[in-house]
Amino acid sequence: MTRLSRRNTLKLLLSGTTAIVAGAALTPRQLLADTLSPDTNSALIVIDVQNCFVPGGTLPVADGKAVVPVINHLAPAFDNIVITQDWHTPEHASFASSYDTKKPFETTELDYGTQVLWPDHCVQGTDDAALVDELDLPTAELIVRKGYHQHIDSYSAFFEADRKTPTGLQGYLKERGITSVYLAGLATDFCVAWTAIDAAESGFTVYVIEDACRGIDLNGSLAKAWDAMTKAGVIRIQSSSITA
Ligand SMILES: [Zn+2]
C-alpha cells in the first residue's frame, strides 16, 4: 500500500492535485485536515518582526503587524524558537541614501551582484530596529542579528547576500539537533524567502507559515519568491495546520 508522507501530502495540497491514498481519492479540502506537531527537533524562526518593518517604521510592510498575534499564538507549540533582527550600520551599502544619485527601490551593482536599495532602516541600537513590542516570545533561545557588515546586505538568516558569509545560524541549529524549521515573519518575498531557500539547501525540512508572514511585493517579487521556494522544496502551510 502506498502511504503519502505528510510532506508529500502537503506538496500535493499546494499543487491542488487530487491524491489517491489507499485507493480513495482525497480532494485538497480533505487533505487540509492534516496537521503538524513540531517536535523537539523543530524550531520556529521568527524573522525580522521589528518596528522598521511594520506600519510607522522606516520600511513598512503593508499589514506587517498582523503577523504578531499569529506568531504569539503559535509559539507555545514550539520547544525551540529563534528570532532574527536586521541590524545595519549607519550608511549601510543597502541604503539608497549612501549613494549620491540613487533613490529607494532602485538598484545598484555591488561586488556580489545586483542590490535593491532601501530607505534607511533597522540601524543598530535604534528604536526602529527593536523587535515589535507586542511580540511575546519569552521562551526564545537565540536572537540572530544580520546585515551588520557595512558592504554586504543580508536577507537570509543563514548567509549574507554575497552568498558565502555565514551568520552562524546553521551551525547553531545543527549542533542543537534541529532538523525542521518553521518560518514566520517579514517579509515573505525577501528575508523569509531567502532564509527558507538557504535552510532547504542546508538540509533542513522547511515550512513557511504563510499567514504568519507578509510580503513587500516589489515588481512581482512575491509570486517569484513562492515559485523559488517551492522549487527549493519549501513546504507552504497555514498556521491552522500546526498543533502543539
Ligand atoms: Zn535591511
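What share of the 244 residues in the protein is buried? Buried residues make up 41% of them, a residue being buried if 20 or more other C-beta atoms, placed from the backbone, lie within 10 Å of its own. This is a predicted model, in which local features need pLDDT of at least 70, side-chain atom pairs count only at pLDDT 80 or more, and totals for chains, interfaces and linings use all residues. Residues are numbered from 1 along each chain as its sequence is written.

**Confidence**
- The mean pLDDT, the predictor's confidence in each residue from 0 to 100, is 89 for the protein, and 86% of its residues reach 70 or more.
- Over residues 1-33 pLDDT stays under 50.
- Where pLDDT is low, the predicted coordinates should not be read in detail.

**Overall make-up**
- The protein has six helices and 10 strands; helices (H or I, at least four residues) and strands (E, at least two) are DSSP runs, numbered from the N terminus.
- Two residues are in contact if their C-beta atoms, placed from the backbone, lie within 7 Å.
- Of the contacts between residues at least 6 apart in sequence, 70% join residues at least 24 apart.

**Core and helix α5**
- The largest nonpolar core has 65 residues; such a core is a set of buried Ala, Val, Leu, Ile, Met, Phe, Trp, Tyr and Cys residues joined through C-beta atoms within 7 Å.
- Helix α5 (residues 188-201) gives the largest share of this core, eight residues.
- Leu183 is among the residues with the most contacts inside the core, and its partners beyond four places in sequence include Ile45, Val192, Ala196 and Val208.
- Because 12 of its 14 residues are buried, α5 is largely enclosed by the rest of the structure.
- The buried residues of α5 pack against β3 (42-47), β8 (180-186), β9 (205-214) and α6 (221-231).
- Just after α5, Gly203 takes a positive phi of about 100°.

**Strand β4 and its neighbours**
- Seven of the seven residues of β4 (residues 80-86) are buried.
- Asn80, Val82, Thr84 and Asp86 point one way from β4, while Ile81, Ile83 and Gln85 point the other way.
- Strands β3 and β4 run parallel and are joined by five bridges; two strands pair if DSSP finds at least two bridges between them.
- Ile45 stands opposite Val82 in β4.
- β4 also pairs in the parallel sense with β7 (residues 142-146), over five bridges, and there Ile83 has Ile143 as its bridge partner.
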